[in-house]
Amino acid sequence: MYLDGISNEKENGSGIILEGPIDVTLEKALKFNFKASNNQVEYEALIVGLKLAKEVGASKLRCYSDSQHVKG
C-alpha cells in the first residue's frame, strides 16, 4: 500500500494505491472537508487503506509513505 497526503490552505486530501500479488491494483482518492495537518491526512489515508485491504481479504500488508509517523 502506498500513501500520500496533502494539506494546505485550500484543500486536504490523500491518495491510496493498494497493489495485490496477482497484478491487481486499487486506487482511491480522498478529499477531506476539515482542516488537517499533513500528518493527519496521512493517518486518515492509512485508516482508509487498512479498511480497504481488509475488505479485499489481504493477509499481509506493507505500507509505504513519506510520513515520518507511518512506517512499513
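**Pocket, loop, rings**

I started with the largest pocket, and its volume came out at about 400 Å³. This is a predicted model, so I keep that in mind for everything below.

I then asked which residues sit closest to the centre of that pocket. Sorted by class, the lining has 10 nonpolar, 3 polar and 3 charged residues.

Next entry: Ser 59. I found Ser 59 in the loop between helix H1 (38–55) and strand E4 (64–65). Is Ser 59 buried or exposed? Its relative accessible area is 74%, and over 50% counts as exposed, so Ser 59 is exposed. I also checked Ser 59 against Glu 27, which is 32 residues apart from it along the chain. Their C-alpha atoms are separated by 19 Å.

Last entry: aromatic rings. I noted how many aromatic pairs there are, and the count comes to 1. The pair is Tyr 2 with Tyr 64, with ring centres 5.0 Å apart and planes at 20°. Planes under 30 degrees apart count as stacked, so I logged this pair as stacked.

Where do the two partners lie? Tyr 2 is in strand E1 (residues 2–7) and Tyr 64 is in strand E4, so the pair ties together parts that are 62 residues apart in sequence.

Notes. Residues numbered from 1 in each chain as written. Predicted model: local features only at pLDDT ≥ 70, side-chain atom pairs only at ≥ 80, totals over all residues. Heavy atoms only, no water. 1 Å grid on protein atoms, 1.4 Å probe; cavity = no way out; pocket = protein on both sides within 12 Å on 5 of 7 lines; lining within 4 Å. Points joined across faces, edges and corners; volume = space filled by probe spheres on them. Nonpolar A, V, L, I, M, F, W, Y, C, P; charged D, E, K, R; others polar. Helix = DSSP H or I, 4+ residues; strand = E, 2+ residues; numbered from the N terminus. Buried < 20%, exposed > 50% of the residue type's maximum accessible area, 1.4 Å probe, protein only. Phe/Tyr/Trp six-rings, centres within 6.5 Å; stacked < 30°, edge-to-face > 60°.
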